[in-house]
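Please read them alongside the coordinates.

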Amino acid sequence: MSESMATTDSKNDKNGVDYDVVVAGGGPVGLFLAGELRLGGAKVLVVERLAEVDETIKAGGINTAGAVSLYRRGLLPELAAAWERNRWRMRAFLGDQDRERKQGAGASDAPRTPPKFAGHFAGIMMRGELFDDSDPAFADIGPADGVGLGVPQVELERILGARAERLGVEVRRGVELTGFDAGDEGVVVHLGSGGDVRAGWLVGCDGGRSTVRKLAGIDFPGTEPEITGYQAVVEMSGGERLGVGWNTTDVGTYVNGPFPGRILTVEFDGPPADRSAPVTAGELQAALRRVSGVADVTIHEVHSSTRFTDNARQASAYRKGRVLLAGDAAHVHSPFGGQGLNLGLGDAMNLGWKLAAVVRGTAPDSLLDSYTAERHPIGAWVLDWTRAQIAVMRPDRHARALRRVVTDLALTTTGTTYLVQQISGVWQHYDLPGEHQLTGRSAPDLELSDGTRLGDHLHHGRALLLDLADDPKLRARAEGYGDRVDVVTAGCPGRPELTGLLVRPDGFVAWAADGDDRGDDLDDALPRWFVAA
């Protein structure tokens, strides 16, 4: 196992708590956060209302930023295996559709290969041949590039659940948080029939209707929904008359694929009366017939289904005292563009090391203020990104005219490359002190002279001071930081101008230097993020 926990134990025994952190919600975000906390030495309990992993169809892919986070924790092999399984499922579906359409025409039976990236803006698909992968934004991503495409949320949840178990996270399924009492020194969490537990901190990863957020009294402003959407995996007949992929009609939008039986519909008729009511085959069939115009498509069986809207809201703050929010508990929006899961993974990666450091007493509580400061702007951007797609998807004449303009722009090299940048998450950065162009950005996955890559040195969840110029004075500046900062000395032939990098545990650059830079700013960056031993 590449991961290991911090050698400094948490202080839960001394503080009279059962757990350092209780995480409410055992989906991918909650499990990833729990693993991050455990890497940092915290004792963690995850409580999840559902007794089993939720098989309902949800997010269908991990973007570049999300895949890089998982790679930095040594999870690339598991992610790649899941990607391969689903890549071949996509290939088979595309091949079947081709054969159905070309039967008797003498066309080749070879299935089409899925694109090297998957993405769309409001159902306007990107074309691979127009993507300029030489753009600097995509430089030095490393082996995680493109690996998460098409990996369903349920598979990611299993990967992260297995990781949490390896790290010693306690997960209680079939247990629901019913309330809590938060004070200056900790939180008493009420678990219904599961009794009460005492914790230092509580993190709500319990979804868009978060009980934690509501009970904490954290505002959740935003915009009202105007669509009703369905996503489902079904058995149907007449599906060969449906268009493949994203289709825009006079009524709305529907999707067929990218694997057999997966459908999605969008209608601009307001939100559903009851989102929690079971979705029936008749309801799905009626929606699909209305939107597609195919009157004889028939749904015989529903394997998995969900409703959704474009309700777009964001918590005014991600922390209130000893209570924090991450994932959908902090922000909700329409699923278009596949941003939600990836946004939540970024929350967990940012919060985990910070909260673990506070728990261990190696950072002040004020470090947690940077969580909202850094992640809230990213969440606000995602909400606007999804709102813009709704504006382009509306069936009125003004929106359709706008859609034609956006399509023309999207189908250019510049437009495609811009949209892929946004969808992939490679644009994301934090406003951190420092003048270097890498400061505040996700660290490039540098190939080092010792045969390793930068990402290989982040598996343990600690910060990394990378000495690229074999400078004893640079290394000496990190003395006294104990197990908070790993120091690695190696060359980087591919980026000879770089002499040093300080990379936070979440993989973002806190300091960088070129050439003759003496590293004076490093003396400010180190104590800003890490307390000396």
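1. Glu 155 counts as buried, with a relative accessibility of 16%; buried here means under 20% relative accessible area, exposed over 50%, and partly exposed in between (1.4 Å probe, protein chains only). The residue is part of helix H5 (residues 153-167), where helices (H or I, at least four residues) and strands (E, at least two) are DSSP runs numbered from the N terminus. Leaving aside residues up to four places away in sequence, Glu 155 touches Ala 82, Arg 85 and Asn 86; contact means heavy atoms within 4.5 Å.

2. A word on the basis of these values. This is a predicted model, in which local features need pLDDT of at least 70 and side-chain atom pairs count only at pLDDT 80 or more, while totals for chains, interfaces and linings use all residues. Residues are numbered from 1 along each chain as its sequence is written, and side-chain values use heavy atoms, with hydrogens and water left out.

3. Glu 374, in helix H9, is also buried, at a relative accessible area of 6%. Which side chains make polar contacts with the side chain of Glu 374? One is that of Asn 350, at 2.8 Å, and another is that of Lys 354, at 2.9 Å. A polar contact is a pair of N or O atoms within 3.5 Å; within protein, one must be able to donate a hydrogen and the other to accept it, and residues adjacent in sequence count only if both atoms are side-chain atoms. Beyond four places in sequence, the residues that Glu 374 touches include Tyr 430, Leu 432, Arg 504 and Trp 529.

4. Leu 355 belongs to helix H8 (residues 340-360) and is buried, with a relative accessible area of 0%. Its contacts, not counting residues up to four places away in sequence, are Val 21, Leu 37, Trp 201, Val 203, Leu 324 and Leu 368.

5. Helix H10 (residues 397-410) has 14 residues and reaches 20 Å from its first C-alpha to its last, close to the 20 Å expected at 1.5 Å a residue; the expected span is 1.5 Å times one less than the number of residues. Ala 399, Arg 400, Arg 403, Val 406 and Ala 410 of H10 are buried. They lie on the same side of H10 because they cover an arc of only 120 degrees around the axis, the arc being that of the directions from the helix axis to the C-beta atoms. The face turned away from that side carries the exposed residues Arg 397, His 398, Arg 404, Asp 408 and Leu 409.

6. What covers the buried residues of H10? The cover includes strands E3 (120-121), E4 (124-125), E11 (245-248) and E12 (252-256), together with helices H9 (369-393) and H11 (413-424). At the start of H10, a side-chain oxygen of Asp 396 comes to within 3.1 Å of the backbone nitrogen of His 398.

7. In H11, nine of the twelve residues are buried, so the helix is largely enclosed by the rest of the structure. Among those buried are Leu 419, Val 420 and Ile 423, and also Gln 421 and Gln 422. Helix H3 (64-71), E3, H9 and H10 are included in what covers them. Gly 425 follows H11 and has a positive phi, near 85 degrees.

8. Strands E9, E15 and E18 form an open sheet in that order, with antiparallel pairing; two strands pair if DSSP finds at least two bridges between them. E9 (222-223) and E18 (331-332) stand at the edges with a single partner strand each, so one side of each has no neighbour in the sheet. Two bridges join E15 (residues 312-314) to E18, and Gln 314 has His 331 as its bridge partner in E18.

9. In strand E21 (residues 498-503), six of six residues are buried. Four bridges join E21 to the antiparallel strand E19 (residues 463-467), where Leu 465 stands opposite Leu 502. Five bridges join E21 to E22 (residues 509-514), also antiparallel, and Leu 501 has Ala 512 as its bridge partner in E22. E21 and E22 form a hairpin with five residues between them, and Gly 507 in the turn has a positive phi of about 90 degrees.
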